[in-house]
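Subject: Structure handover

Hello,

Here is the structure we discussed, with the sequence alongside.

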Amino acid sequence: MGAQHKQSSRSGASAGHRYYTPFFLRYVYDTCVLGGNGRFLWGCPPSELVAHFKAHASQNHLDIGVGTGYIIDKADMFDDRARLVLMDANPHTLAHCAERLRRFQPALIEHDALIEPPAALTPFTSISMNNLLHCLPGTLPEKAPALQLQASKLAPGGTFFGTTILTRGVDVPFYSRPMLHVLNRSGGMSNLGDSLGDLERLLAQNFDAWKLRVVGMMALFSATRG
């Protein structure tokens with residue numbers, strides 16, 4: 001499958017998108033955001049995210065909020081028959097991932113997670129949303145459309161899964177709080193009110209079955225519809 005671009009509105013995109021420049025994606029994100037912050041501040045090493053992805057992704061997969069493609073690259077699980085679609089509101093992240101993941105021949109869609117996905121997009125047996133919810137504006141209940149709209153493209157019996165950093169209902173180390181507040185003030189994240197209870201309710205309201213575990217401040221969830 002060759003790479004394709006589809007344009008759509010990005011009105012709900014997080015202010016944090018402005019940080020995802022080509023330089024940031026190439027030289028900063030994997031080492032500092034995933035490796036440094038993830039392991040030492042949020043208490044969840046990248047290996048946990050990769051293992052979670054491998055446990056739930058299928059060969060007919062949609063990834064929303066693609067970052068640098070690190071997780072998909074390290075999971076390295078798609079074969080030459082796979083359908084892999086990458087969706088993000090930032091053209092820089094899509095371009096970066098298209099190059100990094102070119103061996104999987106992903107299709108690319110420039111689209112905001114808070115807007116209904118294109119009607120022509122056929123269902124997927126797995127959809128992932130890793131490290132995106134904590135970047136979207138508002139409270140977790142206000143971020144519900146991101147989950148609901150994109151999960152509408154899930155095939156019956158398919159799996160919706162992902163990860164997000166929580167700040168309530170989980171242990172927040174004292175040394176993590178300064179960076180947490182800096183990122184929230186700058187718009188890089190919006191999760192000072194994101195709680196474990198709200199995430200559990202969100203999953204219970206939208207899926208028939210779900211699982212959630214916490215590693216440090218990171219919630220790793222998976223859910224299915226009948």
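A residue counts as buried when its relative accessible area is under 20%. Please keep in mind that the model is predicted.

Cysteines

Cys 44 has a relative accessibility of 1%, so this residue is buried. Cys 97 is buried too, at 0%. The disulfide count is zero.

Aromatic rings

There are 10 aromatic pairs in the structure. One of them joins Phe 24 and Tyr 29, edge-to-face, with 6.2 Å between the centres and 75° between the planes. Tyr 29 is buried, at 7% relative accessibility.

Another pair is Phe 78 with Phe 104: the centres are 5.6 Å apart and the planes stand at 75°, so this pair is edge-to-face. Phe 78 is in the loop between helix 4 (70-75) and strand 2 (83-88), while Phe 104 is in the loop between helix 5 (91-100) and strand 3 (107-110), so the contact ties together parts 26 residues apart in sequence. Both Phe 78 and Phe 104 are buried. Ring pairs also place these two in a cluster with Phe 53 and Phe 161.

Charges over rings

The charged end of Arg 83 sits over the ring of Phe 124, 3.9 Å from the ring centre. Arg 225 lies over the face of Phe 207, with 5.2 Å to the ring centre.

Regards

Definitions and conventions: Residues numbered from 1 in each chain as written. Predicted model: local features only at pLDDT ≥ 70, side-chain atom pairs only at ≥ 80, totals over all residues. Heavy atoms only, no water. Disulfide = S-S within 2.5 Å. Buried < 20%, exposed > 50% of the residue type's maximum accessible area, 1.4 Å probe, protein only. Phe/Tyr/Trp six-rings, centres within 6.5 Å; stacked < 30°, edge-to-face > 60°. Helix = DSSP H or I, 4+ residues; strand = E, 2+ residues; numbered from the N terminus. Lys NZ or Arg CZ within 6 Å of the ring centre and 35° of its normal.
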